[in-house]
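Here is a short note for someone opening this entry for the first time. The points are numbered so that they can be followed alongside the coordinates.

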Amino acid sequence: MSKVTDKLYAVAATVDGKEYDFVGNYRSVREAQQAGRRYAKDLVHNSMASGRLSLKQQPLAA
């Protein structure tokens with residue numbers, strides 16, 4: 001989470017520390033934290049469903 005202005009916070013998340021997914025801009029620290037947690041929860045849920053730890057579509061290995 002990064003403070004953009006006095007009342008605007010940007011949230012980005014990463015799995016590998018190299019590529020970041022932009023989650024969104026939020027008007028309070030609380031909203032930003034909730035969005036980050038929701039993103040992480042969805043990421044784990046999707047990884048369990050597809051066997052991958054990413055919300056992005058990844059090519060299958062040959």
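1. The side chains of Asp21 and Tyr39 are joined by a polar contact of 2.3 Å. The model is a predicted one, and the 2.3 Å value is computed from it.

2. Where does Asp21 lie? Its place is in strand E3. Asp21 counts as buried because its relative accessibility is 16%, and the cut-off for buried is under 20%. Asp21 is therefore a buried residue with a side-chain polar contact to Tyr39.

3. Strand E3 covers residues 20-26 and pairs with E2 in the antiparallel sense, over 6 bridges. Within this pairing, Tyr20 in E3 stands opposite Thr14. E2 and E3 form a hairpin, with 5 residues between the two strands. The turn includes Gly17, which has a positive phi of about 80°.

4. On the E1 side, strand E1 (residues 2-5) pairs with strand E2 (residues 8-14), again in the antiparallel sense, over 3 bridges. Thr5 stands opposite Leu8 in E2. The hairpin that joins E1 to E2 runs through 2 residues.

5. Taken together, 3 strands form an open sheet with antiparallel pairing, in the order E1-E2-E3. Which strands are at the edges? They are E1 and E3, each of which pairs on one side only. From one strand to the next, the twist averages 25°.

6. Which residues make up the largest nonpolar core? There are 5 of them: Tyr9, Val11, Tyr26, Ala32 and Ala35. At least two residues of this core come from E2, and at least two from helix H1 (29-50). As background, nonpolar side chains tend to be buried together in soluble globular proteins.

7. Tyr26 deserves a separate look. Leaving aside residues up to four places away in sequence, Tyr26 touches Lys7, Leu8, Tyr9, Val11, Glu31, Ala32 and Ala35.

8. Asp21 is buried at 16% relative accessibility, and its side chain makes the 2.3 Å polar contact with that of Tyr39.

Conventions
Residues are numbered from 1 along each chain as its sequence is written. This is a predicted model: local features need pLDDT of at least 70, side-chain atom pairs count only at pLDDT 80 or more; totals for chains, interfaces and linings use all residues. Side-chain values use heavy atoms; hydrogens and water are left out. Two strands pair if DSSP finds at least two bridges between them. Helices (H or I, at least four residues) and strands (E, at least two) are DSSP runs, numbered from the N terminus. Axes are lines fitted to C-alpha atoms, for helices over the stretch in contact, and angles run from 0 to 180 degrees between N-to-C directions. Buried means under 20% relative accessible area, exposed over 50%, partly exposed in between (1.4 Å probe, protein chains only). A polar contact is a pair of N or O atoms within 3.5 Å; within protein, one must be able to donate a hydrogen and the other to accept it, and residues adjacent in sequence count only if both atoms are side-chain atoms. A nonpolar core is a set of buried Ala, Val, Leu, Ile, Met, Phe, Trp, Tyr and Cys residues joined through side-chain atoms within 4.5 Å. Contact means heavy atoms within 4.5 Å.
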